[in-house]
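Reader: Could you walk me through how to read a model like this one? I would like the general idea first and then the case at hand.

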Amino acid sequence: MAVQRIEVITGAGGRRAYSAEEKIRLVGEARGGRGTVAAVARRHGVCSSLIYRWRRQIRSGELSPEAASFVPVRLVDAAPPAGVGSPAVLPSQPPGPPVERQAALVEVVLTNGRVLRVGEDIAPATLRRLADVLDGR
């Protein structure tokens, strides 16, 4: 009987998909004094260039733990408080006096119970910074 050689390949085949939380954790581990980027990459079986890419994505705001999550939203029919929001002129106006429209408000209830009311046209990055500061993060 002839001896046959068999090769056993272990590990995941193909590309691995990393969640935003995993990416942020690995970048934090490399930055947090637990070793260099190369050591962290070796320990977790990741190419070190991925950690550098994720670091750039975090700095640019492209990668954040909130990016892929859902939050509960409740719509309320209520008039905004007087003096809140800036009036905006509607773009397609018939000839005559200008028609003003009150910017809609978005109300965000933070985990510490504080309520943040902002205009509908606020930039997401600005809203995230405000929420983080007011929520004590």
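Predicted model: local features only at pLDDT ≥ 70, side-chain atom pairs only at ≥ 80, totals over all residues.

Reader: What share of the residues counts as buried?

Author: Of the 137 residues in the chain, 17% are buried, where buried means under 20% relative accessible area. The chain exposes about 11200 Å², and carbon and sulfur atoms supply 56% of that area.

Reader: And how do I judge contacts along the sequence? What percentage join residues at least 24 apart?

Author: Take the contacts between residues at least 6 apart in sequence: 27% of them join residues at least 24 apart.

Reader: Now to packing. How are two packed helices described?

Author: Two numbers do it: the angle between the helix axes and the distance between those axes. For helix H1 (residues 20–31) and H3, the angle is about 105 degrees and the axes are 9 Å apart. H1 and H3 are therefore roughly perpendicular to each other, since angles of 65 to 115 degrees count that way.

Reader: Which residues of H1 and H3 meet?

Author: On the H1 side you will find Lys23, Ile24, Leu26, Val27 and Ala30, and they meet Ile51, Trp54, Arg55 and Ile58 of H3. By type, this contact has seven nonpolar residues, no polar ones and two charged ones.

Reader: Is Gln57 buried or exposed?

Author: Gln57 counts as buried, because its relative accessibility is 18%. Gln57 also has its place in helix H3, which spans residues 48–60. Leaving aside neighbours within four places in sequence, Gln57 is in contact with Glu62 and Leu63.

Reader: What about helix H2? Which of its residues are buried?

Author: In H2 (residues 37–44), the buried residues are Val37, Ala39, Val40 and Ala41. After H2 comes Gly45, which has a positive phi, near 70 degrees.

Reader: On to salt bridges. How many does a search of the whole structure find?

Author: The search finds four. To read one, look for a side-chain nitrogen of Lys or Arg within 4 Å of a carboxyl oxygen of Asp or Glu.

Reader: Which residue forms a salt bridge with Glu29?

Author: That is Arg25, and the closest N and O atoms of this pair are 3.9 Å apart. Both residues lie in helix H1, four residues apart, which is about one turn of the helix. Glu29 counts as buried at 9% relative accessibility, whereas Arg25 counts as partly exposed at 45%. The pair also belongs to a network of salt bridges that links Arg25, Glu29 and Arg43.

Reader: And where do Arg117 and Glu107 lie?

Author: Their side chains meet in a salt bridge, 2.9 Å from N to O. Arg117 lies in strand S4 (residues 115–119) and Glu107 in strand S3 (residues 105–109), so the pair ties together parts that are 10 residues apart in sequence. Arg117 is partly exposed, with a relative accessible area of 47%, and Glu107 counts as partly exposed at 45% relative accessibility.

How values were computed:
Residues numbered from 1 in each chain as written. Heavy atoms only, no water. Buried < 20%, exposed > 50% of the residue type's maximum accessible area, 1.4 Å probe, protein only. Contact = heavy atoms within 4.5 Å. Areas by Shrake-Rupley, 256 points an atom, 1.4 Å probe, with all protein chains shown as cover. Helix = DSSP H or I, 4+ residues; strand = E, 2+ residues; numbered from the N terminus. Axes fitted to C-alpha atoms, helices over the stretch in contact; angles between N-to-C directions. Parallel < 35°, antiparallel > 145°, perpendicular 65-115°, else oblique. Nonpolar A, V, L, I, M, F, W, Y, C, P; charged D, E, K, R; others polar.
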